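I opened the model and kept notes as I went. Here is where the coordinates sit.

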Amino acid sequence: MFKIIMAFYYLITAFIAALIFWNFWLEKKKVDRLILYLLVLIPMILRLLRIK
Amino acid sequence: MIRIKIVLLIILVIILTISGFQLYHHRHYQIPIVAGPGVTRVLKLSHYLPSLKGSMADTWVFFLEGQEPGGKVLILGNTHANEPEGLLTALVIIENGQVEKGTVIIIPQFNHSASRFTRPGDGYPLFFEIPTSWGKKKFRMGNREASPLDQWPDPDVYIHYPERQLLSFLDARNVNRTWPGRPNGLPMEQVTFAAMELIRQERVDLVIDIHGAETMFPVTNCIVAPEKSAKLATMVSLTVKAMEKFDNHVEPSPPKFRGLSHREIGDYSEAMPFLLEAPIPFLDQPTGPKTERLLLDGRDPFLLRLARKKKLFVPYDETGWPMDKRVGQHLSVTLELLKQYSRRTPDRAIVIHNVPRYAEVVEHGVGYYFVNPSTVSPDKIYFN
C-alpha cells in the first residue's frame, strides 16, 4: 500500500513538473517568472531522478 | 525571448548536473566497516523482518559472542545519522572489542536511509573525515530523518502506533519516534519493529542507543533512562563522575512522550533501555557556518559568548566539545553500564575487552582505533 501511494506521488510530481515547464515555455514577457519556474522545477527534477 | 529561455535552461542543466552529481555521490558512497577479531556473526536486520530485505532501510547487525554464556546488550549507532558520534562509537567496538562472556550486538547504522541523506540547504557538509595513523577515514554526514527517497510522502500529522499520540509529520521518518513499530507499517516503523523482534528473540538484557544533542538543549550530556533502568544509570553516572571526571547526569524518560527508544523498548520488552547523549555544538542553531571543522572540534565563538552568559546546559570553553571527547564519553558510559549490570546479575554478565575508555580516546583520538580496510581480508569488510 505504502509503495502504491509513493508511486502516485511520483506521478503527481511529474504532472506538476510538466505543467511548470509548459508555463515556462508559454511565458512571453517576464524574465523573473521564467527564473521562478525553473527554480521551482529543480527539487522536482531531483526527486523524479531519485537523487534528492 | 527564445534565446533567454535557452540560456536559462542551460544554466538549469548546469546547476542540476553539479548538484545532482554531488548528491548522487553522497547517497551512493560506501563506508567500509571492518569486522574486528571479536565479531563472530554478521546478519542483516531483515533476518528479523524479511519485508526489509533489499530496501535502503535494511542494515548490518554485528554479533560479538563470548566463549562463556551470559547476558546480551544491543548497541545502536546512527539512530540519528547527523549525530555521528553514535556511528563512531559503534565502529570502535566492532573493530576492537573482544567479548569474554555474554554477547554484544551492534547495529552501527540503525537508520541506514538517514545516513544517505543530508541537508545541503542548511549548509551541512556532505562528508567528514577522521584522521588516522594510515590516512583519513571518510564518512557520509547523514540526517536526523530517513531520506524521502525511501519513505514518501510524509503524513500531515504522524500518529504513533500503538499509542496513537499525535507527533510532528517529520517524525514518521525518525526512528527515535517509531518504536515499537509494526511489521506492516511505514519503512521506519518496520525498522524499529525488526529491532524489537531482535530484542525479543535474542533475549537482550540491555539496549544502549547512542546520540548527540545541542548544548542549548537541556537533555544533553546525560543518560536518559526509564524507571526500570534508573538505578543502573544513576550508578554509572556517579561512577564516571568519580573515576573519569566527566559529567553525565541522569534524565528520566517521560512516560507520556511516545515512540522513543528509552520509553518503548522498556515498555514492550524485558530489556532495560538507555539513551546516551553527548553535546554536539554543530547541531546548535546560533553557531557560525556548519563546517566539517565545527562538527569535529565543536568550537564556536557564538556558543562561547552564550556560555559566558550561562545560556548553555553544559560547561563550554575555548576547547569546544571535540569528537574524541564525545566518543570517549559514550565508550566509557557503555562499558560502565556493562560492568555495573554484570556486577548486579552475575549469571547474565557481559564482559568485553580491548575497548578504549574516555581518557584513552581523548589522548589518542578516535581515529587511532580504526583499522585500515586495505590491510584486512575483503571478507572482513562490510558495506551497507
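This is a predicted model: local features need pLDDT of at least 70, side-chain atom pairs count only at pLDDT 80 or more; totals for chains, interfaces and linings use all residues.

What follows are my notes, from whole chains down to single residues.

**Ground rules**

Residues are numbered from 1 along each chain as its sequence is written, while chains are lettered from A and ligands numbered from 1 in the order in which they are written.

**Confidence**

I looked up the scores before anything else. The predictor gives the complex an ipTM of 0.93 and a pTM of 0.96.

**Chain B overall**

I found nine helices and 15 strands in chain B. These are DSSP runs numbered from the N terminus: H or I over at least four residues for helices, E over at least two for strands. Chain B comes out at 21 Å, which agrees with the value near 21 Å for a compact globule of 384 residues. Along the principal axes, its C-alpha atoms fill a box of roughly 80 × 50 × 50 Å.

Burial next. I call a residue buried if 20 or more other C-beta atoms lie within 10 Å of its own, exposed if 12 or fewer, and partly exposed in between, with C-beta atoms placed from the backbone. By that count 51% of the 384 residues in chain B are buried. For contacts I use C-beta atoms, placed from the backbone, within 7 Å. Among contacts in chain B between residues at least 6 apart in sequence, 72% join residues at least 24 apart.

Chain A has two helices and zero strands. Its radius of gyration is 13 Å, well over the 10 Å that the globule rule gives for 52 residues, so chain A is more spread out than a compact globule. I get a box of roughly 45 × 20 × 10 Å for its C-alpha atoms along the principal axes, and 10% of its 52 residues count as buried.

At the interface, 16 residues of chain A are in contact with 14 residues of chain B. I sorted the chain B side by class and got 12 nonpolar residues, one polar and one charged. My classes: Ala, Val, Leu, Ile, Met, Phe, Trp, Tyr, Cys and Pro are nonpolar, Asp, Glu, Lys and Arg are charged, and the others, Gly among them, are polar.

**Helix H3 of chain B**

How far does H3(B) reach from its first C-alpha to its last? H3(B) covers residues 187-201 and spans 21 Å, close to the 21 Å expected at 1.5 Å a residue; the expected span is 1.5 Å times one less than the number of residues. I counted 12 of its 15 residues as buried, including Phe193(B), Met196(B) and Leu198(B). The cover includes strands S3 (60-65), S4 (68-76) and S10 (206-213) plus helix H5 (261-268), all of chain B. Just after H3(B), Arg203(B) takes a positive phi of about 55°.

**A hairpin**

S6(B), residues 127-132, pairs with S7(B), residues 135-140, in the antiparallel sense over six bridges; pairing needs at least two DSSP bridges between the strands. The hairpin joins them through two residues, and Phe127(B) has Arg140(B) as its bridge partner.

I found a cis peptide bond from Trp152(B) to Pro153(B), with omega near 5°. Pro153(B) lies in the loop between S7 and S8 (158-159) of chain B. Another cis bond joins Trp179(B) and Pro180(B), with omega about 0°; Pro180(B) is in the loop between S9 (166-167) and H3 of chain B.

Arg164(B) isn't a glycine, yet has a positive phi of about 60°. It sits in the loop between S8 and S9 of chain B and counts as exposed, with 8 C-beta neighbours inside 10 Å. Asn354(B), also not a glycine, has a positive phi of about 70° and is partly exposed, with 14 other C-beta atoms within 10 Å.

Notes:
Two residues are in contact if their C-beta atoms, placed from the backbone, lie within 7 Å. The radius of gyration is taken over C-alpha atoms; the globule rule is 2.2 Å times the number of residues to the power 0.38.
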